[in-house]
Amino acid sequence: MENDSLQTSLAWLRDILQGKIGHGFDTRVLQGLRVIHAEKGFMRFDFVVPKSVSDIDGNWNVGALASLVDLLGAVTIFSFANRVVTSVDFSVSYYSTANIQEHVEIESKVSANKGNLVHVVVEVKRKGNGEVIAVGKLWMASNKLSVAQVSNL
């Protein structure tokens, strides 16, 4: 069962990346994302910030970064809890900007499980020097939708 939730969460992410489910914005925000490591409740990703998420100054748009944090947090929680979740508390602290085409590492880890509430921390760092760009903290609650139902929204 544990492997099933991990495989389902990775398939869900793959379908978002390929534009099969979700919204076009989700696909654009995650464009080029690569899974480096995945286990129940923990994932590591490699990402080069695409031009499609640029702000006017050529930096990674903070809204696109927040969307990425939300999506990867939900995927990581699904791998842990085997259920679809909805964000109920969401915060992102921005420590630095990232330029378009900059290489970053993203780590997402479940840090608390309170039954129907699960907490995940998503950390975005510069590849190479490890400087923190942003840290997202999310509490997510179970909802009654299945992955198939969410995919059809």
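A word on the ground rules, everyone. This is a predicted model, where local features need pLDDT of at least 70, side-chain atom pairs count only at pLDDT 80 or more, and totals for chains, interfaces and linings use all residues. Residues are numbered from 1 along each chain as its sequence is written, and side-chain values use heavy atoms, with hydrogens and water left out.

Now the fold. We have four helices and six strands, meaning DSSP runs numbered from the N terminus, with helices (H or I) of at least four residues and strands (E) of at least two. Starting at the N terminus, the order is α-α-β-β-α-β-β-β-β-α. Along the principal axes, the C-alpha atoms fill a box of roughly 40 × 30 × 25 Å.

What about the inside? Of the 153 residues in the chain, 43% are buried (under 20% relative accessible area; exposed is over 50%, partly exposed in between, with a 1.4 Å probe and protein chains only).

Finally, please find Gly 115 on the screen. Gly 115 sits in the loop between strand E4 (103–114) and strand E5 (117–126). With a relative accessible area of 42%, Gly 115 is partly exposed. From Gly 115 to Leu 30 is 85 residues in sequence and 29 Å in space, C-alpha to C-alpha.
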